[in-house]
Amino acid sequence: MPRPTLAISSETLERSRVEQLLRDETLLVFVDCDFSGADLSRLNLQDTSFRNCALPDTSFYASKLSGTRWQRCRAGHADFESADLVDARFESSDLNNSSWRRAKLASCAFRSCKLTGAAFEDVSYLGLSFEDCLLIGADLRRMSFKKMTLVGLDFADADLSGCDFREAVLEGGSLREAHIKDTRFEGADLRGADLVGVKLVNAKLFAGATISPRQAAEIVRAMGLDVA
């Protein structure tokens, strides 16, 4: 039988209160709640919903968060390290400077989120998706976007070292000043992206990629050559 749902609204919550709520084994929905700075590490919050909640500096270290839903939340500097976020959904949320190190992000989706400065080091990400997200200055090293259609992603100044964009299509968004050491773009369609400041260090990594004449001129200028 499906679990009964319990909605908690407009409360300021600490760990002890959340643990109390979890004892009833209900499906929790938090609305307009404040968890600022709370230690929610290692808790089982599977399938919980967070709507319009304040979660800055909140720790979800090693928590079970699979199937969770996050809508219009403010979670700057939140810690999701080693958390299980399989099939989680984040929408229109502020997740700037959040940490996702070693998190399980398989089939996790971020839509219209702010992830400036977020760290995605050593995450498991099969099926992970981003749409219309700010990833400015984010650490996305060695992640694969192969054959994906990437809509409205701002990778400006992000660390994309070792990433795989082969045969990907970038629709809008930016790679401005992104760090692309050993990043693979073979066969990618980059015509929709802002490439200002992108340095073509190894042309082989761009073999077969499609760019516009304007973008080609920008890349040549970044190499210190004049376009007459």
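## Serine 41

Serine 41 sits in the loop between S2 and strand S3 (49-51). Helices (H or I, at least four residues) and strands (E, at least two) are DSSP runs, numbered from the N terminus. At 13% relative accessibility, serine 41 counts as buried. Buried means under 20% relative accessible area, exposed over 50%, and partly exposed in between (1.4 Å probe, protein chains only).

## Model and numbering

This is a predicted model, in which local features need pLDDT of at least 70 and side-chain atom pairs count only at pLDDT 80 or more, while totals for chains, interfaces and linings use all residues. Residues are numbered from 1 along each chain as its sequence is written, and side-chain values use heavy atoms, with hydrogens and water left out.

## Overall layout

The chain has 2 helices and 9 strands. From the N terminus on, the order is β-α-β-β-β-β-β-β-β-β-α. The C-alpha trace spans about 70 × 30 × 25 Å along its principal axes.

Of the 228 residues, 42% count as buried. Among contacts between residues at least 6 apart in sequence, 4% join residues at least 24 apart.

## Nonpolar core

The largest nonpolar core has 65 residues. Such a core is a set of buried Ala, Val, Leu, Ile, Met, Phe, Trp, Tyr and Cys residues joined through side-chain atoms within 4.5 Å. Trp100, Phe110 and Phe120 have the most contacts inside this core. Helix H1 (15-22) and strand S2 (27-31) each supply at least two of its residues.

## Aromatic pairs

The whole structure holds 23 aromatic pairs. Rings of Phe, Tyr and Trp (its six-membered ring) pair if their centres lie within 6.5 Å; planes under 30 degrees apart count as stacked, over 60 as edge-to-face and the rest as tilted. Phenylalanine 90 and tryptophan 100 pair edge-to-face, at 5.5 Å centre to centre and 85° between the planes. Phenylalanine 90 lies in strand S5 and tryptophan 100 in the loop between S5 and S6, so this pair ties together parts 10 residues apart in sequence. Both residues are buried.

Tryptophan 100 also pairs edge-to-face with phenylalanine 110, at 5.3 Å and 90°. Phenylalanine 110 is in strand S6, so this pair too links parts that are 10 residues apart in sequence. Tryptophan 100 has a relative accessible area of 0%; phenylalanine 110 is buried at 1%. Ring pairs join Trp100 and Phe110 into a cluster that also includes Phe30, Phe35 and Trp70.

## Second largest pocket

This pocket holds about 150 Å³ of space. On a 1 Å grid over the protein atoms alone, a pocket is an open set of points where a 1.4 Å probe fits, with protein on both sides within 12 Å along at least five of seven lines; lining residues have an atom within 4 Å of a point. The lining has 13 residues, with Ala109, Phe110, Arg111, Ser129 and Glu131 nearest the centre. By class, 7 are nonpolar, 2 polar and 4 charged. Strands S5 (89-91), S6 (109-111), S7 (129-131) and S8 (149-151) each supply at least two lining residues.

## Glycine 137

Glycine 137 is in the loop between S7 and S8. At 35% relative accessibility, glycine 137 is partly exposed. Beyond its neighbours within four places in sequence, glycine 137 is in contact with Gly117, Ala156, Asp157 and Ala158. Glutamate 177 is 40 residues away from glycine 137 in sequence and 9.6 Å away in space, C-alpha to C-alpha.

Terms used. Grid points are joined across faces, edges and corners, and a volume is the space filled by probe spheres set on the points. Ala, Val, Leu, Ile, Met, Phe, Trp, Tyr, Cys and Pro count as nonpolar, Asp, Glu, Lys and Arg as charged, and the others, Gly among them, as polar. Contact means heavy atoms within 4.5 Å.
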